[in-house]
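Hi everyone, thanks for coming along. Have a look at it first.

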Amino acid sequence: MAYLLVFLGGGLGAMLRHGVNVATPRLLGNGFPWSTFLINITGSLIMGLVAGWFAFKGDAPQGWRLFLTTGILGGYTTFSAFSLDTALLYERGDVGLAAAYVAASVALSIAGLFAGLWIIRSLA
C-alpha cells in the first residue's frame, strides 16, 4: 500500500511540476530558469509546512506522510527533500555537516551532470 501511495502522489507532483514548467515561461520568459527556481522554492516551503505540521501540530498516519512528502513533493521536486535533510542536520547541531552536505550535493550533482554529458559526447 505504501508504494501505491507514493506512486499516486508522485504522479500528481510530476503533473504539478509540468504545469509550472509550461506556465512559467509564458509569464516570466525564458531568459532565466524561473520554473526550476520557483519549483525548488515552493517545494521547500511546502515541505517545511508539511513537516512542521506533522512534527508540531498533528500526528498523521504514515500513509499521509508518504503520499504528501515522498509522493507529491518528491514528484514535484526532490529539492524539498534536500532542504529538509539540510534543516534536520542543522537543527540537531551538525552545522558543519549541513554545510558540507549542501556544498558536496551541489558540486557533485553539477559535476555528475557534466560527466554524463562528456560521456555521451565522447560516444558520438
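Two bits of housekeeping before that. This is a predicted model, so local features need pLDDT of at least 70 and side-chain atom pairs count only at pLDDT 80 or more, while totals for chains, interfaces and linings use all residues. Residues are numbered from 1 along each chain as its sequence is written, and side-chain values use heavy atoms, with hydrogens and water left out.

Okay, the big picture. The chain has five helices and zero strands, where helices (H or I, at least four residues) and strands (E, at least two) are DSSP runs, numbered from the N terminus. If you read along the sequence, you get α-α-α-α-α. Along the principal axes, the C-alpha atoms fill a box of roughly 50 × 40 × 30 Å.

How much of the chain is buried? Of the 124 residues, 22% are. Buried means under 20% relative accessible area, exposed means over 50%, and partly exposed is in between, using a 1.4 Å probe and protein chains only. Now contacts, meaning heavy atoms within 4.5 Å. Take those in the chain between residues at least 6 apart in sequence: 57% of them join residues at least 24 apart.

Next, a pair of helices. Find helix α1, residues 2–28, and then α3: their axes come within 6 Å and cross at roughly 35°. Axes here are lines fitted to C-alpha atoms, for helices over the stretch in contact, and angles run from 0 to 180 degrees between N-to-C directions. The crossing of α1 past α3 is right-handed.

By class, the contact has twelve nonpolar, seven polar and one charged residues. For the classes, Ala, Val, Leu, Ile, Met, Phe, Trp, Tyr, Cys and Pro are nonpolar, Asp, Glu, Lys and Arg are charged, and the others, Gly among them, are polar.

While we're at α3, which spans residues 62–76, look for T69 in it. T69 is buried, at 18% relative accessible area. Leaving aside neighbours within four places in sequence, T69 is in contact with M47, V50, F54 and G74.

T24 is buried at 7% relative accessibility, whereas L28 is partly exposed at 45%. Not counting residues up to four places away in sequence, T24 touches G29, W34, S35 and L38, and L28 touches W34 and L38. Now some C-alpha to C-alpha distances. T24 and T36 are twelve residues apart in sequence and 9.4 Å apart in space; L28 and K57 are 29 residues apart in sequence and 36 Å apart in space.

On to the rings. How many aromatic pairs does the structure hold? There are six. Rings of Phe, Tyr and Trp (its six-membered ring) pair if their centres lie within 6.5 Å; planes under 30 degrees apart are stacked, over 60 edge-to-face, and the rest tilted. One of the six is F79 with F82, a tilted pair at 5.2 Å centre to centre with 50° between the planes. These two are three residues apart in helix α4, residues 79–91, so about one helical turn separates them. F79 is partly exposed at 35%, and F82 is buried at 15%.

F82 also pairs with Y101: their ring centres are 5.3 Å apart and the planes are at 35°, so this pair is tilted. F82 lies in α4 and Y101 in helix α5, residues 95–123, so the pair ties together parts 19 residues apart in sequence. Y101 itself is partly exposed, at 28%. Elsewhere, F32, W34 and F37 form one aromatic cluster.

Last stop, charges. Side chains of opposite charge can pair when their charged atoms come close. We call it a salt bridge when a side-chain nitrogen of Lys or Arg is within 4 Å of a carboxyl oxygen of Asp or Glu. By this rule the count is one salt bridge. The side chains of R92 and D94 make a salt bridge, at 2.6 Å from N to O. R92 is exposed at 57%, while D94 is partly exposed at 27%.

Methods:
A crossing is left-handed if the near helix is turned anticlockwise from the far one by less than a right angle, and right-handed if clockwise.
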